[in-house]
Amino acid sequence: MGNIIVAQSGGPTVAINASLAGVIEGALSSKYDTIYGSINGITGIIDNNIINLSEVVKSDSNFLKKLKVTPAMYLGSCRFKLPSVTSNDPIYNTLFQQFKKYDIEAFFYIGGNDSMDTVDKLSAYAKSIDSPIRFIGVPKTVDNDLCVTDHTPGFGSAAKYIATTTMEVIYDAKIYNTPSVTIIEVMGRDAGWLTSATSLARNNCCCGPDLIYLPEVPFDTEVFVNDLSKLLKEKTNIVVAVSEGIRDAKGEYISASTGQLDNFGHAQLSGAGKTLEYIVKDKLGVKVRSIEVNVLQRAAAHMSSLTDLQESVELGKHGVQFAEEGVTGAMVVLNRTSNAPYTVDYSHATISDIANEAKEVPQEWINESHNWVTNEMIEYLKPLVIGEPELEYANGLPVYVTR
């Protein structure tokens with residue numbers, strides 16, 4: 001009947017293993033025989049570093065249940081950029097020889113924008129050699145910047161963690177009657193979705209961040225200082241949320257260092273919060289600290305969203321279903337059909353319309369002062385953080401799977 005192979009790529013999230021579990025569950029009830037897993041993304045296929053997931057599932061009856069709530073990536077990851085399909089690079093022949101060796105009928109790549117680039121190239125190459133192998137992208141990214149789909153797996157859980165952490169920081173900041181500014185730096189190189197999630201901390205039990213700055217609009221340090229000065233006349237403790245990728249009108253990052261570029265040409269940012277901390281200390285002379293949430297926001301399984309995990313599993317299952325139906329060169333997508341009550345359905349979109357594109361926060365979801373978000377953004381976010389999964393604990397700590 002033929003086999004499938006699945007891999008994970010890019011940065012980790014709380015939900016990417018839930019999507020892996022969904023692919024496995026979908027394959028177990030499909031026409032396919034053996035389920036293989038490639039270790040460290042596409043490089044595992046090249047290096048023949050492949051495991052039999054069908055045997056793993058058989059050896060542990062609770063494997064899939066635990067996998068769904070395990071953070072990061074069970075199969076490991078990579079950031080490997082395939083060369084152009086027209087380059088005649090021998091790597092494609094190597095990959096397709098491996099597919100032939102393992103009798104692969106469908107390949108599933110769980111990842112973000114760069115991973116979809118890989119799916120796009122593999123499906124294009126398959127078409128050029130008349131290969132019947134199906135190539136399906138299963139989305140993930142805490143950045144929520146994949147196009148076409150309403151939102152991406154991993155984002156809801158990261159948003160929940162960020163909103164909760166923001167609440168806790170605000171509670172911490174307001175205990176002293178001393179003027180202070182706390183700056184929370186959130187991941188988001190080109191899109192401010194994650195930083196926008198701090199707005200959920202403005203609720204019945206918390207006043208939320210006072211200011212929110214996103215990379216979709218130019219950041220002006222003088223305006224920033226003026227915003228703070230006005231607020232400090234009204235209240236003692238100010239909490240600000242900023243995206244790591246905020247840029248000035250010239251497009252230059254407000255960052256201590258842009259560091260090096262990764263394999264896909266993305267700037268490795270560092271220090272937007274720290275840069276603003278020094279500016280506030282110099283201009284306003286108040287107590288100020290910056291907090292870089294960093295990788296904590298993408299693997300906090302103890303603060304995961306049940307909605308996020310359930311949707312991630314379904315996306316994996318639907319990916320297998322679409323491959324069985326003959327779909328290739330596509331990514332599984334979520335379509336929001338209603339906001340209240342919240343409902344979604346699943347379909348697929350052409351991968352070439354998604355790869356190497358980025359979805360930014362709509363300008364109309366950012367307020368006129370460019371220092372907060374609108375109610376449309378908040379209503380968009382609310383359903384994505386709902387629900388808490390049941391976690392197994394041992395000696396006070398969560399039980400996760402390990403390879």
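Q: If helices (H or I, at least four residues) and strands (E, at least two) are read as DSSP runs, numbered from the N terminus, in which loop is P341 found?

A: P341 is found in the loop between β12 (330–339) and β13 (342–350), and the peptide bond that joins A340 to P341 is cis, with omega at about 0°. This is a predicted model, in which local features need pLDDT of at least 70 and side-chain atom pairs count only at pLDDT 80 or more, whereas totals for chains, interfaces and linings use all residues. Residues are numbered from 1 along each chain as its sequence is written, and side-chain values use heavy atoms, with hydrogens and water left out.

Q: How many helices and strands are there in the protein chain, and what radius of gyration would a compact globule with 403 residues have?

A: The protein chain contains 12 helices and 15 strands. The radius of gyration is taken over C-alpha atoms, and the globule rule is 2.2 Å times the number of residues to the power 0.38. For 403 residues the rule gives a value near 22 Å, and the protein chain agrees with it because its own radius is 22 Å. Along the principal axes, the C-alpha atoms fill a box of roughly 70 × 50 × 40 Å.

Q: What share of the residues of the protein chain count as buried, and what share of the contacts comes from residues 24 or more positions apart?

A: A residue is buried under 20% relative accessible area, exposed over 50% and partly exposed in between, with a 1.4 Å probe and protein chains only; by this reading, 58% of the 403 residues count as buried. A contact means heavy atoms within 4.5 Å, and among contacts with a separation of 6 or more, 75% are between residues 24 or more positions apart.

Q: Is L334 buried or exposed, and which residues does L334 touch?

A: L334, found in strand β12, is buried, with a relative accessible area of 1%. Leaving aside residues up to four places away in sequence, L334 touches T149, D150, H151, E311, L315, V344, D345 and Y346. E311 is 23 residues from L334 in sequence, and their C-alpha atoms are 8.4 Å apart in space.

Q: Where is the place of L276, and which residues does L276 touch?

A: L276 belongs to helix α10 (residues 272–284) and counts as buried, at 0% relative accessibility. Beyond residues up to four places away in sequence, its contacts are with I183, F219, F224, V242, I246 and I254. By C-alpha atoms, L276 is separated by 28 Å from G154, which lies 122 residues apart from it along the chain.

Q: With which side chain does the side chain of E25 make a polar contact?

A: A polar contact is a pair of N or O atoms within 3.5 Å, where, within protein, one must be able to donate a hydrogen and the other to accept it, and residues adjacent in sequence count only if both atoms are side-chain atoms. The side chain of E25, a residue of helix α1 (residues 16–28), makes such a contact with the side chain of K68 at 2.8 Å. Apart from residues up to four places away in sequence, E25 touches L64, K68, V313 and K317.

Q: What is the phi of D103, and what is the phi of H370?

A: D103 is not a glycine, yet its phi is positive, near 55°; D103 sits in the loop between α5 (91–101) and β4 (104–111) and is partly exposed, with a relative accessible area of 43%. H370 is likewise not a glycine and has a positive phi of about 60°. H370 lies in the loop between β13 and α12 (375–381), and at 32% relative accessible area H370 is partly exposed.
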